[in-house]
Amino acid sequence: YSEIVSGLERLPVKMQALLDDQASIQKLAYLYFNCEDIFFIGRNIDYAMSLEGSLKLKEISYIHSDAYAAGELKHGTISLVVDGTLVIALATCPRLVEKTLSNVQEVRARGARVIALTTSTSREAVEAVADNVITIEGMNDVLLPSLSVIPLQLFAYYMALYRGCDIDKP
């Protein structure tokens, strides 16, 4: 309980740090705004956040986007990943990072480009397999979605902006 309350008290500062560093997200959006298909993958709460990131992206940028449970890729959906496909992999849950990185290696083997969202404690391992890494500060698993949603929403915003979409009237 005290860990969660303490994390809640620190949350605004961590959120502001992400907002202050949105230039890095903007740069990623500029690199990938011409993509026509983007897949999000994650496990556990990261899968739920993948669904949110995918929804926000297609909602304001009109890019085809889907989210998949990373552990289910071998059951047909991996065939949708072709050379040059952009995959956004969420790996914020410490106990599942290694398994998610295995899935990242699978999509990379099929030619995907990968943007990974992870915590500062897992960054080094994630950098070894992803093309680009977005880092959030680690904290209690219950609070991580409050941070991970920010770069996902900023990415969708800048993707839409670079595509010339009316962000205020999707």
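## Terms and model

A cavity is a set of points, on a 1 Å grid over the protein atoms alone, where a 1.4 Å probe fits but cannot get out. Lining residues have an atom within 4 Å of a point. Grid points are joined across faces, edges and corners, and a volume is the space filled by probe spheres set on the points.

The model is predicted: local features need pLDDT of at least 70, side-chain atom pairs count only at pLDDT 80 or more, and totals for chains, interfaces and linings use all residues. Numbering runs from 1 along each chain as its sequence is written, and side-chain values use heavy atoms, without hydrogens and water.

## Cavities

The whole structure holds two cavities of 30 Å³ or more. Two elements each give two or more residues to it: β4 (113-119) and α6 (144-162). Helices (H or I, at least four residues) and strands (E, at least two) are DSSP runs, numbered from the N terminus. The eight lining residues are nonpolar, with no polar and no charged ones. Here Ala, Val, Leu, Ile, Met, Phe, Trp, Tyr, Cys and Pro count as nonpolar, Asp, Glu, Lys and Arg as charged, and the others, Gly among them, as polar.

The second largest cavity has a volume of about 40 Å³. Among its lining residues are F39, Y68 and T77. That lining has eight nonpolar residues, one polar and no charged.

## Largest pocket

A pocket is an open set with protein on both sides within 12 Å along at least five of seven lines. The largest contains about 300 Å³ of space. Of its 18 lining residues, D21, S24, I25, I134 and T135 are the closest to its centre. β5 (132-136) is one of the elements giving two or more residues, and its five form the largest share. The lining divides into 10 nonpolar, three polar and five charged residues.
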